[in-house]
Amino acid sequence: MLLVGLTGGIGAGKSTVSSLLTELGACIVDADEVARELQSAGSPVLAAMAERFGESILRDDGSLNRAAVAEIVFGTDEQSKAALEDLNGIVHPAMHAEILRQIKVGHDGGQHVVLDFPLLAENPRDDLDATIVVDIDPEIAVERLVNIRGMDESDARNRIANQASREKRLEIASHVVDNSGDVETLRAQVADMWGQITG
């Protein structure tokens, strides 16, 4: 059974490709979803985060206030950098363990597993049989983020600028999906590529 990485910048359409791969029988392990579950109200990870960063990162209902955490860890000073390191030290080991558990469940069930991981270029893995990068011109990504997700244009551009560059992502790709066309073109492309990877 194969383990395949899937990544792409914000607005590239990675979620759409992920859905198409599910239709083709792949088991998807979604790193963002794993992180959300691990940081849910009452979880040990969230308790450790609150102990390190204070109760101000929690909402009244005990859930995580992501904006409050972002304010602490995404500054440019040394204190923010140290806070980000501490956050990663709390979240990453738990994430790594849960991702490995979900991969094993997929493989034990006889499925090829796709690890949907936005930060694959920033955090490369050496256990992947293939790496799919969903690629798109950054200007088209901005347009889609503004028109489809209702994002502010400057916010969209900032988020793209804070990710790995398009070039860095393409460097790690064994397979590239060009998502500048329509959904049917994308569907045919993904089916063809999946056949090459699993054939």
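In which sense do strands β1 and β3 pair, and over how many bridges? Hi everyone, let's start there. This is a predicted model, and in it β1 pairs with β3, residues 113–116, in the parallel sense over four bridges. If you want a spot to look for on your screen, find Leu-3, which stands opposite Val-113 in β3.

Now, β1 has another partner too. Strand β4, residues 130–135, pairs with β1 over five bridges, also in the parallel sense. Here the place to look is Leu-6, which stands opposite Ile-132 in β4.

So much for partners; what about cover? In a regular strand, side chains alternate between the two faces of the sheet. For β1, both faces are covered. On one side you have Leu-3, Gly-5 and Thr-7, on the other Val-4, Leu-6 and Gly-8, and all of these are buried.

Let's move on to a pair of helices. Two packed helices are described by the angle between their axes and the distance between the axes. Helix α1, residues 14–23, packs on helix α9, residues 183–198, at an angle of about 55°, and the axes are 10 Å apart. Because of that angle, α1 counts as oblique to α9. The crossing is right-handed.

Who touches whom? From α1 come Thr-16, Val-17, Leu-20, Leu-21 and Glu-23, and they meet Leu-186, Arg-187, Val-190, Met-193 and Trp-194 in α9. Sorted by class, that contact has seven nonpolar residues, one polar and two charged.

Key. Residues numbered from 1 in each chain as written. Predicted model: local features only at pLDDT ≥ 70, side-chain atom pairs only at ≥ 80, totals over all residues. Heavy atoms only, no water. Buried < 20%, exposed > 50% of the residue type's maximum accessible area, 1.4 Å probe, protein only. Helix = DSSP H or I, 4+ residues; strand = E, 2+ residues; numbered from the N terminus. Pairing = 2+ DSSP bridges. Axes fitted to C-alpha atoms, helices over the stretch in contact; angles between N-to-C directions. Parallel < 35°, antiparallel > 145°, perpendicular 65-115°, else oblique. Left-handed = near helix turned anticlockwise from the far one by under 90°. Contact = heavy atoms within 4.5 Å. Nonpolar A, V, L, I, M, F, W, Y, C, P; charged D, E, K, R; others polar.
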